[in-house]
Amino acid sequence: MKHRDFKAFYKKYFGYSLSIAKEIVNNTDLAQDIAQEVFCSLFQQSGNLKLKKNEKMLYGLVKRVTVNKALDYRKYGHIRRELTAEEDFLEDNLIDEECNLEARILQMEEKEYAKLVLQRLRVANPMNYEILIKVKYLDISPDEVAREYGLTRNGVNNRIFRTKQWIEREMSRIYH
């Protein structure tokens, strides 16, 4: 795909992507970020796109990618939130020292619980443990992990999903 083809594609569909994102996240600034990310990822895949072939397919592609990104932001927005230098400073230096101490203790407890649950997972299901670590923490693509274990990509994703559910159950048992 040529640069000018993608530029025309961007001009045609950016507003559509933006309106979908606004509807999902209810925030104009965030919607603009989402729409921009949509087109960045589409640009990276532009070698595989055939922009002049199928108008309905492109319309559906933009819609699906936008919806997925917007739902990810809505679900994991607290993770992707960027801090300004001032906010970062204020978070590091809480005014109330007791609150800071309590927060540190809670973080330490959560880390200990998480470590305990991961150790239990490693004993209970070593293969799922390895798959989870490789995909989520080492950023190895699910396709590579699938090839390594002789699974399909969906098989890897299902194992990760079931493992996360298992971890949630274990964490709730520990807390209660």
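Residues are classed here as buried under 20% relative accessible area, exposed over 50%, and partly exposed in between (1.4 Å probe, protein chains only). By this scale Asp29 is exposed, with a relative accessible area of 54%. The structure is a predicted model, in which local features need pLDDT of at least 70 and side-chain atom pairs count only at pLDDT 80 or more, whereas totals for chains, interfaces and linings use all residues. Residues are numbered from 1 along each chain as its sequence is written, and side-chain values use heavy atoms, with hydrogens and water left out.

Asp29 is placed in helix α2 (residues 28-44); helices (H or I, at least four residues) are DSSP runs numbered from the N terminus. Between Asp29 and Leu18 the C-alpha to C-alpha distance is 9.9 Å, at a separation of eleven residues in sequence.

The largest nonpolar core comprises 22 residues, of which Phe9, Tyr13, Ile34, Phe39, Leu42 and Val62 touch the most other members. A nonpolar core is a set of buried Ala, Val, Leu, Ile, Met, Phe, Trp, Tyr and Cys residues joined through side-chain atoms within 4.5 Å. At least two residues of this core are supplied by each of α1 (3-25), α2 and α3 (55-80), and the largest share, ten residues, comes from α1. A second, separate core holds 15 residues, including Tyr129, Leu132, Ile167 and Met171. In soluble globular proteins, nonpolar side chains tend to be buried together.

Five aromatic pairs were found in a search of the whole structure. Rings of Phe, Tyr and Trp (its six-membered ring) pair if their centres lie within 6.5 Å, and planes under 30 degrees apart count as stacked, over 60 as edge-to-face and the rest as tilted. Phe9 and Tyr13 form a tilted pair, with 5.1 Å centre to centre and 50° between the planes. These two residues are four apart in helix α1 and are therefore separated by about one helical turn. Phe9 is buried at a relative accessible area of 4%, and Tyr13 is likewise buried at 4% relative accessibility. The rings of Tyr10 and Phe39 are edge-to-face, because their planes stand at 80° with the centres 5.2 Å apart. Since Tyr10 belongs to helix α1 and Phe39 to helix α2, this pair ties together parts that are 29 residues apart in sequence. Tyr10 is partly exposed, with a relative accessible area of 26%, while Phe39 is buried at 2% relative accessibility. Ring pairs link Phe9, Tyr10, Tyr13, Phe14 and Phe39 into a cluster.

Four salt bridges are present in the structure, each being a side-chain nitrogen of Lys or Arg within 4 Å of a carboxyl oxygen of Asp or Glu. In one of them the side chains of Glu170 and Arg120 meet at 2.9 Å, N to O. Glu170 lies in helix α8 (residues 153-175) and Arg120 in helix α5 (residues 97-124), so the pair joins parts that are 50 residues apart in sequence. Glu170 is buried, with a relative accessible area of 6%, whereas Arg120 is partly exposed at 37% relative accessibility. A salt bridge also connects Glu148 and Lys134 at 2.4 Å, N to O. Here helix α7 (residues 142-149) contributes Glu148 and helix α6 (residues 126-137) contributes Lys134, so that parts 14 residues apart in sequence are tied together. Lys134 is buried at 17% relative accessibility. Arg153 forms a salt bridge with Asp143, the closest N and O atoms lying 3.0 Å apart. Because Arg153 lies in helix α8 and Asp143 in helix α7, this pair ties together parts that are ten residues apart in sequence. Both partners are partly exposed, Arg153 with a relative accessible area of 41% and Asp143 at 34% relative accessibility. Salt bridges that share partners join Arg120, Glu170 and Arg173 into one network.

The lining of the largest pocket consists of Ala114, Val117, Leu118, Leu132, Lys136, Tyr137, Lys164, Ile167, Glu168 and Met171. Elements giving two or more residues to this lining are α5, α6 and α8, and α8 gives the most, with four residues.

Notes:
1 Å grid on protein atoms, 1.4 Å probe; cavity = no way out; pocket = protein on both sides within 12 Å on 5 of 7 lines; lining within 4 Å.
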